[in-house]
Structure formats: C-alpha cells, structure tokens
Amino acid sequence: MALRAFFLAALLALSCFDAFASDPSLLQDFCVADKSSTVCVNGFACKNANDVVAEDFFFKGLHLAGNTTNKQGSNVTAVNVAQIAGLNTMGISLVRIDYAPYGLNPPHTHPRATEILTVLEGQLYVGFVTSNPDNKLLTKVLGKGDVFVFPQGLIHFQFNYGTSKAVAIAGLSSQNPGVITVANTVFGSEPSISDDILAKAFQVDKNIIDRIQAQF
C-alpha cells in the first residue's frame, strides 16, 4: 500500500512538473485583453465574453507604408496585443517592416519570440548570430517570396542593399514578443552604463564610447 502511494505521489509530481514546464493551453475560445483591469497577471486579464466585439480581433492599415525617413531608414509597424486585444493568450503577432534604399533594421533580439519573415517587395540581406561561445553568423540574401527564420532570443538584422524600397511581413510566436535593439540598449540606456565598463567590454578608448553614447 505504501509503495503504491509512493508511485501515485511520484506520478502526480511529474504531471505537475510537465504542466508548469510549458505555456498553458487556452481554456476557452479566447481571452480578449481587458486593458482597463487593475488585476496583475502575466499578460492581460480577460474581458467579459459578453462584451467582446468583432473590433477586438481587427486591425486596419497594414497596407500603408511606414515612414522610413529616420537614421536607420526603416520602419516597423507592429500588430500585437497592444493593437489587437483579441491576441491576448494566443501566442502570435506580426509586423510589417518598410525599408528605404540601404535601410537597416538594426541588430536586435526578441526575448519572447521566434520570428519568421517573408519578403513582399525588393531584396534583403538578413542574418542572425548564434550564442556564445561560437557566435556564428548565418546570413542569406532574400528576394520576393523568400522566407527566413530568426530563432528566439538571437541577435538578428535585415538590410536593404538595393536602390529601391523593400517591404517584409514577419510573424512572431508571442502576443508581445518584445524587442531589444543592441545599440540603443548598450549605448542609450537611462542612466548610462559607465564608459569604463563599456570601454573594457569593447576594448576601446573611453573617448570612443563617449562619442557613440552621444548618438543616442
């Protein structure tokens, strides 16, 4: 009897471990984000199902080009849970990316999502870097209709090396994938990371660090 109880307890422990080892599945058809709720949860609390309307699952305007008149020559139009409340708990979102000629979506990472990108117009030079210790750069030139995957958490980029504009659409495996742009994070944090630390990390003179930080 004691042995049987032990095995039952062990099976229950394993079941609980498995349940907490991955994201839970939906327990209802949807959980439209109630952004007025003061309840603190991982994501958003659910809107009352009786108050849900079609607009909670709708976004208009992704056909419109983003403004690329900036230093990088690119613009990201996000469609995530901030724009579509119905994406809450769905684990998916997308973006439209516009690139001016020689425009760059600079090295960045999505801490909560894998990204799959397809080119709609133009050509892009894309790539990502694997984690330490290899730090291997994997790159590809993409044309219209080509698809490329950027694994979750890895630093990646896209560059339009052509003389005409480029457009891409990307899906991400999170309702809120997050984005960390490497240069902005390292050199533009508030308050600033000490130039002594950055000079040692990048093995350059502090004056160079100060000049780079001044750009952000």
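Mentor: Start with contact, which means heavy atoms within 4.5 Å. Among the contacts in the protein chain with a separation of 6 or more, 69% are between residues 24 or more positions apart. This is a predicted model, in which local features need pLDDT of at least 70 and side-chain atom pairs count only at pLDDT 80 or more, while totals for chains, interfaces and linings use all residues. Residues are numbered from 1 along each chain as its sequence is written, and side-chain values use heavy atoms, with hydrogens and water left out.

Trainee: How do you know how many helices and strands the protein chain has?

Mentor: They are DSSP runs numbered from the N terminus: helices are H or I with at least four residues, strands are E with at least two. That gives four helices and 10 strands. From the N terminus on, the order is α-β-β-β-β-β-β-β-β-β-β-α-α-α.

Trainee: What makes Cys31, Cys46 and Cys40 buried, partly exposed or exposed?

Mentor: Buried means under 20% relative accessible area, exposed means over 50%, and partly exposed lies in between, with a 1.4 Å probe and protein chains only. Cys31 has 3%, so it is buried. Cys46 has 42%, so it is partly exposed. Cys40 has 76%, so it is exposed. Of the 216 residues of the protein chain, 30% count as buried.

Trainee: Why are Cys31 and Cys46 called a disulfide?

Mentor: A disulfide is a pair of cysteine sulfur atoms within 2.5 Å. The sulfur atoms of Cys31 and Cys46 are 1.9 Å apart, and they form a disulfide. By this rule the count comes to one disulfide. The link of Cys31 and Cys46 is left-handed, with -105 degrees about the S-S bond. Both Cys31 and Cys46 lie in the loop between helix 1 (2-20) and strand 1 (74-79), so the pair ties together parts that are 15 residues apart in sequence.

Trainee: How do you know which strands are paired in the open sheet?

Mentor: Two strands pair if DSSP finds at least two bridges between them. Strand 5 (residues 124-129) and strand 6 are joined by six bridges and run antiparallel. Within this pair, Tyr125 stands opposite Val141 in strand 6. The open sheet has five strands in the order 6-5-8-3-10, with antiparallel pairing. Strand 6 (137-142) and strand 10 (180-181) each have a single partner strand, so they stand at the edges, with one side of each left without a neighbour in the sheet.

Trainee: What makes a group of residues a nonpolar core?

Mentor: The members are buried Ala, Val, Leu, Ile, Met, Phe, Trp, Tyr and Cys residues joined through side-chain atoms within 4.5 Å. The largest core has 17 residues, and those touching the most other members are Tyr99, Leu117, Leu124, Val126, Leu142, Phe148 and Phe150. Strand 2 (93-99), strand 4 (115-121), strand 5, strand 7 (147-150) and strand 9 (166-172) each give two or more residues to this core. Strand 9 gives the largest share, four residues. A second, separate core of eight residues includes Val32, Val79, Ala85 and Leu87. In soluble globular proteins, nonpolar side chains tend to be buried together.

Trainee: Which residues does Phe148 touch?

Mentor: Leaving out residues up to four places away in sequence, Phe148 touches Glu115, Ile116, Leu117, Val126, Phe128, Leu138, Lys140 and Leu142.

Trainee: What makes Tyr102 and Gln203 worth a separate entry?

Mentor: Most residues other than glycine have a negative phi, and most peptide bonds are trans. Tyr102 is not a glycine, yet its phi is positive, about 65 degrees. Tyr102 lies in the loop between strand 2 and strand 3 (104-109). Gln203 is not a glycine either, and has a positive phi of about 55 degrees. Gln203 is found in the loop between helix 3 and helix 4 (206-213). With a relative accessible area of 65%, Gln203 is exposed.

Trainee: Which peptide bonds are cis?

Mentor: One joins Asn132 and Pro133, with omega about 5 degrees. Pro133 is in the loop between strand 5 and strand 6. Another runs from Glu190 to Pro191, with omega near -5 degrees. Pro191 is in the loop between helix 2 (182-187) and helix 3.
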